[in-house]
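Biologist: I would like to learn how to read a protein model. Could you take me through it one feature at a time?

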Amino acid sequence: MKLTTNNDKIYLGDIMKKLFVFFMFLVIFSACSKVKLSLTTNEIDHDLGTVFNELDYIKRVEQDKYDDVTISSNVDINVVGQYEVVYKYGEIEEKLIVHVKDITAPIVVVHDLTIPVGKIITAEMFIDEITDATNVTYCIKNKVDTTIVGIHDIELVFTDAGDNVTTKRVNLIIEADTTGPVITGASIKTVNVGASVDLLSGYLAVDDADGDVTSSLVTSISKLDTSKVGEIKVVYTAKDRAGNSTSMTVVYKIITNDDRSTMAVNTDGLSNKADSWPHSKPLSLANQFAAKGAYYVGDTTSKTYYLTFDVGYENGYTLQILDILKANGVQATFFLTKDYLVRYPDIVTRMINEGHFIGNHTMYHPSLPSISNAKIVEELLGFEKYFNDKFGGIYNNKLKYFRPPNGDWSDRTLSVTKQLGYKTIMWNFTFRDWDMSKIPTVQDVRDAFHRELTQDGTILLLHGVCPTYPDILDEILKEYIDKGYAFKSLDEMELILE
């Protein structure tokens, strides 16, 4: 009988342990080798709008035969909802339930804001950029008294459609209001002897802090004496709530009434060769046309533009255009036909009350080279008479700007309109914005301005019937104003030309 030592027992025990581990490894390996397809999970939440790859969720395939796995998926990463991905390998099928959700809070870029005391604030005024897969609402969480000068802490709250919230803190710096209101309106007005004048009609006052303060406007005289020919200067003053005031001097030119209805115009020796005004003309011809009473540029030595609209009929956009002009403090000239005066007196009244100029575009919009001198006189004076009868009580000016229908002209027609006392206003910038069969897009308008508006002092012709202007005109005006350009009235142009 052979005896074993303790060392022999220890050696045999180690062997048995190793054999057991090896045996378990074989069992596990055998079991795993039978798994033909498995997923990392069977249900996930996925962030809306982010990339989804079905292969990322396969844990194991028999012998790594991933190319043999058939995947069917209806996941739409851009729409919130529950979706299903089906994986098939031979007879084996596994399913992954995908919940597409908005699980990422909005990414927001904001800035501090400096305002004058008393100015109303909104959350939009602090926001540079918002990025999120869904619509985001936002608000100012804490109330701020903007009548108190100093630095105020503002908390902005942004919430997306998935109820994910981002908060941002910004500084609101409120400074004392030291700037007076801006008064807009004609600086020169022409009225007939004996006419009754509403001094405040056509003037607005807007303050950077208080908004519309037109109600504060006062004049240096209470009534204009139009009993005799001459010039009278009237000082207009507006004041904001902080007591800052601004003044503007208006020159009223009082002239005698004249009867041009029987006037015999003389066009002997002048050509009636018809021409149509192009989109622009060389600056070198400006003096030549000015001698004929026609103008397409004004002050070419300063960053100045003159905005005009032709509105032969109403297409539903003029009121929005007027809103934009008012918001930007821009005066324009609207060339109208008699039909427009008859059909839309309320819109014409608003144009006048907000300080815009009215131009004569004839009664019935004929091509002037095709009609006689007498008919031209009838077209212009017929419009003038109707306008003065209906609006003369509120339009404290004289009709003196004319634009020929379609831009059609000849030396003869320019002479007739000049003899009637009108300046013919052409243009040095326009484009096909009147054709309702080829309506320009916002980008078309933007490109046209950037490409073609290159001459300082240009008279611009836009058509109020264009549906695109309510969406782009505000942007255009702000862009050029920010570049240092001023949109001036034709009366201001007339001063330069004289």
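Modeller: We will go through salt bridges, strands and nonpolar cores in turn.

Modeller: This is a predicted model, where local features need pLDDT of at least 70 and side-chain atom pairs count only at pLDDT 80 or more, while totals for chains, interfaces and linings use all residues. Residues are numbered from 1 along each chain as its sequence is written, and side-chain values use heavy atoms, with hydrogens and water left out.

Biologist: Let us start with charges. How many salt bridges does a search of the whole structure find?

Modeller: The general idea is that side chains of opposite charge can pair when their charged atoms come close. A salt bridge here is a side-chain nitrogen of Lys or Arg within 4 Å of a carboxyl oxygen of Asp or Glu. Searching the whole structure gives 19 of them.

Biologist: Which side chain meets Asp 210 in a salt bridge?

Modeller: Asp 210 meets Arg 241, at 3.1 Å from N to O. Asp 210 sits in the loop between strand S15 (204-207) and strand S16 (211-212), and Arg 241 in the loop between strand S18 (230-239) and strand S19 (245-255), so the pair ties together parts that are 31 residues apart in sequence. Helices (H or I, at least four residues) and strands (E, at least two) are DSSP runs, numbered from the N terminus.

Biologist: And is Arg 241 buried or exposed?

Modeller: Arg 241 is exposed, at a relative accessible area of 66%. Buried means under 20% relative accessible area, exposed means over 50%, and partly exposed is in between (1.4 Å probe, protein chains only).

Biologist: Where do Asp 339 and Arg 343 lie?

Modeller: Both belong to helix H4 (residues 338-343), 4 residues apart, which is about one turn of the helix. Asp 339 is partly exposed at 36% relative accessibility, and Arg 343 is exposed at 56%.

Biologist: Which residue pairs with Glu 475?

Modeller: Glu 475 forms a salt bridge with Arg 446 (2.7 Å, N to O). Glu 475 lies in helix H9 (residues 469-482) and Arg 446 in helix H8 (residues 442-452), so this pair ties together parts 29 residues apart in sequence. Glu 475 is partly exposed, with a relative accessible area of 33%. Elsewhere, salt bridges that share partners join Asp 153, Glu 155 and Arg 169 into one network.

Biologist: Now the strands, please. In what order do the 3 strands of the open sheet come?

Modeller: Strands of a sheet pair through backbone hydrogen bonds, either parallel or antiparallel. We count two strands as paired if DSSP finds at least two bridges between them. The order in this open sheet is S13-S15-S16, with antiparallel pairing. Strand S13 (182-184) and S16 stand at the edges with a single partner strand each, so one side of each is left without a neighbour in the sheet. S13 and S15 share 3 bridges, and Thr 184 stands opposite Leu 204 in S15.

Biologist: How many residues of strand S22 are buried?

Modeller: In strand S22 (residues 304-311), 8 of its 8 residues are buried. In a regular strand the side chains alternate between the two faces of the sheet. On one side of S22 are Thr 304, Tyr 306, Thr 308 and Asp 310, on the other Tyr 305, Leu 307, Phe 309 and Val 311, and all are buried.

Biologist: Which way does S22 run relative to strand S28?

Modeller: S22 and strand S28 (residues 459-463) run parallel, joined by 5 bridges. Asp 310 has His 463 as its bridge partner in S28. S22 also runs parallel to strand S23 (residues 333-336), with 4 bridges. From S22 the chain crosses through helix H3 (residues 318-327) to S23 in a right-handed β-α-β crossover; right-handed means that, with the strands pointing away from the viewer, the path from the first strand over the helix to the second runs clockwise.

Biologist: Last topic: how many residues does the largest nonpolar core have?

Modeller: In soluble globular proteins, nonpolar side chains tend to be buried together. A nonpolar core is a set of buried Ala, Val, Leu, Ile, Met, Phe, Trp, Tyr and Cys residues joined through side-chain atoms within 4.5 Å. The largest has 71 residues, and those with the most contacts inside it include Leu 307, Phe 309 and Phe 449. Helix H6 (residues 373-391) gives the most to this core, with 7 residues. Apart from this core lies another, of 17 residues, among them Leu 37 and Val 75.
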